[in-house]
Amino acid sequence: MTPVVWDALAEAIRGELPVALATAIGGPATGGRLLGGPGGPPVGSLGDADLGRVVARDALGELAAGTTAVRHYGEHGEAREAVVTVFVESFAPPPRMLVFGAVDFTAALVKVAKVLGYRVTVCDAREVFATRKRFPDADEVVVDWPDRLLGRVGAGLTPRDAVCVLTHDAKFDVPALVAALATDVGYVGAMGSRRTHADRVARLVDAGVDDAGLARIRAPIGLDLGARTPEETAVSICAEIIAQRTGRADARPLRDTDGPIHR
């Protein structure tokens, strides 16, 4: 690895900035490296400008998903050819979970999310409830209105991230959901009964949310696991987040499925 690419990679990792390293491991470009991230031009070279442009684009796609992959190209980046083999490695900071509502279910959700590697922020406008003592496992506890926090951090949310609205209060959850739907966050879930959500949908429509936006909201939140306790509910929420991220819309017991376990 050239010193320029190495220095840029080290600086990005220290600053917790998302970057993807593409290394040519087969073909005429073997040994070439390209480091790229959102918001700036790539560093390094694969020896061909067209190949570098295509690989940089695909590397950003892998980075957005937080995945690592081997890709194949023609000598100048052509698709459906295998002259050049490139290993794309994502260096992404931990995915974020924003939990709105300092309620009893929140502490359990924070614990499970931390096990899964999320950087968790708990936010509630009520100072008496949003305290570090109540949520010691959270990375951050913010006393503010949910939509104002999303106004500050929403632009940085990605499909790897999650927003969970647990407030049960229209004056909190409707603005929070409207703000969340304006971001690229991958998962948006809201707690409440079916009746509560039906009322919430009417309020969201009044707030200008269209059918596509409503379809993004997972409510009632979580998979139907028969959960009752806060801890069981937290597991069901995180299970739904995993299922959505991996495309398992028909999540079922493995015993009842055929084919490979991992796709």
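The structure is a predicted model, in which local features need pLDDT of at least 70, side-chain atom pairs count only at pLDDT 80 or more, and totals for chains, interfaces and linings use all residues. Residues are numbered from 1 along each chain as its sequence is written, and side-chain values use heavy atoms, with hydrogens and water left out.

I start with the whole chain. Its secondary structure comes to eight helices and 11 strands. Here helices (H or I, at least four residues) and strands (E, at least two) are DSSP runs, numbered from the N terminus. Taken along the principal axes, the box filled by the C-alpha atoms is roughly 60 × 45 × 35 Å. The chain has 263 residues, and 41% of them count as buried. Buried means under 20% relative accessible area, exposed means over 50%, and partly exposed is in between, with a 1.4 Å probe and protein chains only. The accessible surface is about 14,100 Å², and carbon and sulfur atoms account for 54% of that. These areas come from the Shrake-Rupley method with a 1.4 Å probe.

Next, contacts, meaning heavy atoms within 4.5 Å. If we take contacts between residues at least 6 apart in sequence, 55% of them join residues at least 24 apart.

Axes are lines fitted to C-alpha atoms, for helices over the stretch in contact, and angles run from 0 to 180 degrees between N-to-C directions. Angles under 35 degrees count as roughly parallel, over 145 as roughly antiparallel, 65 to 115 as roughly perpendicular, and the rest as oblique. For handedness, a crossing is left-handed if the near helix is turned anticlockwise from the far one by less than a right angle, and right-handed if clockwise.

The pair to begin with is α4, residues 146-153, and α5, residues 170-181; their axes are 8 Å apart and the angle is about 15°. That angle makes α4 roughly parallel to α5. Their crossing is right-handed. On the α4 side the contact uses P146, D147 and L150, and on the α5 side F172, P175, A176, A179 and A180. By class, that contact has seven nonpolar residues, no polar ones and one charged. The classes are as follows: Ala, Val, Leu, Ile, Met, Phe, Trp, Tyr, Cys and Pro are nonpolar, Asp, Glu, Lys and Arg are charged, and the others, Gly among them, are polar.

Helix α5 also packs on α6, residues 194-206, at an angle of about 55° and with the axes 10 Å apart. The two are therefore oblique to each other. This crossing, too, is listed as right-handed. A170, D173, V174, L177 and V178 of α5 make the contact with R200, R203 and L204 of α6. It divides into five nonpolar, no polar and three charged residues.

Then there is α3, residues 104-115, with α8, residues 230-246. Their axes come within 8 Å and cross at roughly 50°, so α3 and α8 are oblique to each other. The crossing is right-handed. From α3 the contact takes D104, F105, A108, L109, V112 and A113, and from α8 it takes P230, E231, T233, A234, V235, I237 and C238. That gives 10 nonpolar, one polar and two charged residues.

Staying in α8, which is where V235 sits, this residue counts as partly exposed because its relative accessibility is 42%. Setting aside neighbours within four places in sequence, V235 contacts V112 and L225. Its C-alpha atom is 8.8 Å from that of A113, 122 residues away along the chain.

T167 is in the loop between β9 (162-165) and α5. Is T167 buried or exposed? It counts as buried, because its relative accessibility is 13%. Beyond four places in sequence, it contacts F100, G101, F172 and D173.

Last, some backbone details. Most residues other than glycine have a negative phi, and most peptide bonds are trans. E16 has a phi near 55°, a positive value. This residue lies in the loop between α1 (3-14) and β1 (19-26) and counts as exposed at 54% relative accessibility. R80 has a positive phi of about 60°. Its loop runs between β4 (69-73) and β5 (84-91), and R80 is exposed, with a relative accessible area of 84%. Finally, the peptide bond from A219 to P220 is cis, with omega near -5°. P220 is in the loop between β11 (217-218) and α8.
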